[in-house]
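Hi,

Here is the structure I said I would pass on. Have a look at it first, and my notes on what turned up follow below.

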Amino acid sequence: MITRSRQRGLSLLGWVVVLIVLAVFGTAAFRMVPAYMEYNTIRSTINSVLSDSKTALMSEHEVRAALSKRFTINQVDAIRVSDLAISKEGGLLAVGVDYEVRRPLFYNVSVVMHFEETFDKTIGR
């Protein structure tokens, strides 16, 4: 009795499909990583300003000025300090971030990333 062995693996067409999918996801990751890195910089900058012991004595304008200096040093371009929602009410200082980043993927297809977070610090009177 003769048995035939079965071939295993992907055909040429299968490999082409796999490579196209990998290329699309790789391109998307390549476009998205810088936006997430910049958001991480924004987050750490805001947390750094809020963790400063002098922040409790600062006005909203002084908090904006401190953030503006640090945004300039860290080359943050995705958002301006004037776009931040800063409020100092009662014993709470809050800094809100809400913005979108659009990066072209190919042709008329873009990747949209939405970043929204509120950072707060309890301050004594």
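Let me start with F106, which is partly exposed at a relative accessible area of 36%. One thing to keep in mind throughout: this is a predicted model. The ring of F106 pairs with that of Y107: the ring centres are 6.4 Å apart and the planes sit at 90 degrees, so this is an edge-to-face pair. Y107 itself counts as exposed, because its relative accessibility is 83%. You'll find Y107 in the loop between β2 (92-106) and β3 (109-122).

How many aromatic pairs does a search of the whole structure find? The search comes back with four. There is also an aromatic cluster, made up of Y36, Y39, Y99 and F115.

Q75, which is not a glycine either, has a positive phi near 55 degrees. Q75 belongs to the loop between α2 and β1 (85-89), and with a relative accessible area of 63% it is exposed.

Now for the helices. Two packed helices are described by the angle between their axes and the distance between those axes. Here, helix α1 covers residues 12-51 and helix α2 covers residues 60-73; they pack at about 140 degrees, with 10 Å between their axes. That angle makes α1 oblique to α2; the cut-off for roughly antiparallel is over 145 degrees. As for handedness, the crossing of α1 and α2 is right-handed.

Which residues make the contact between α1 and α2? From α1 they are I42, T45, I46, S48 and V49, and from α2 they are V63, A66, L67, R70 and F71. Sorted by type, the residues of this contact come out as seven nonpolar, two polar and one charged.

Is T45 buried or exposed? T45 counts as buried, because its relative accessibility is 4%, and the cut-off for buried is under 20%. Setting aside neighbours within four places in sequence, T45 is in contact with L67, R70, F71 and N74.

On the α2 side there's F71. F71 is buried as well, given its relative accessibility of 4%. Again not counting residues up to four places away in sequence, F71 touches I42, T45, V76, I79, V81 and L84. Take V81 from that list: F71 and V81 are ten residues apart in sequence, and their C-alpha atoms are 7.9 Å apart in space.

Last stop is T55, in the loop between α1 and α2. What is the relative accessible area of T55? The value is 0%, so T55 is buried even though it belongs to a loop. Leaving out residues up to four places away in sequence, T55 touches V49, L50, V63, K88, L93 and K121. Two of these, V49 of α1 and V63 of α2, also belong to the contact between the helices.

Cheers

How values were computed. Residues are numbered from 1 along each chain as its sequence is written. This is a predicted model: local features need pLDDT of at least 70, side-chain atom pairs count only at pLDDT 80 or more; totals for chains, interfaces and linings use all residues. Side-chain values use heavy atoms; hydrogens and water are left out. Axes are lines fitted to C-alpha atoms, for helices over the stretch in contact, and angles run from 0 to 180 degrees between N-to-C directions. Helices (H or I, at least four residues) and strands (E, at least two) are DSSP runs, numbered from the N terminus. Angles under 35 degrees count as roughly parallel, over 145 as roughly antiparallel, 65 to 115 as roughly perpendicular and the rest as oblique. A crossing is left-handed if the near helix is turned anticlockwise from the far one by less than a right angle, and right-handed if clockwise. Contact means heavy atoms within 4.5 Å. Ala, Val, Leu, Ile, Met, Phe, Trp, Tyr, Cys and Pro count as nonpolar, Asp, Glu, Lys and Arg as charged, and the others, Gly among them, as polar. Buried means under 20% relative accessible area, exposed over 50%, partly exposed in between (1.4 Å probe, protein chains only). Rings of Phe, Tyr and Trp (its six-membered ring) pair if their centres lie within 6.5 Å; planes under 30 degrees apart count as stacked, over 60 as edge-to-face and the rest as tilted.
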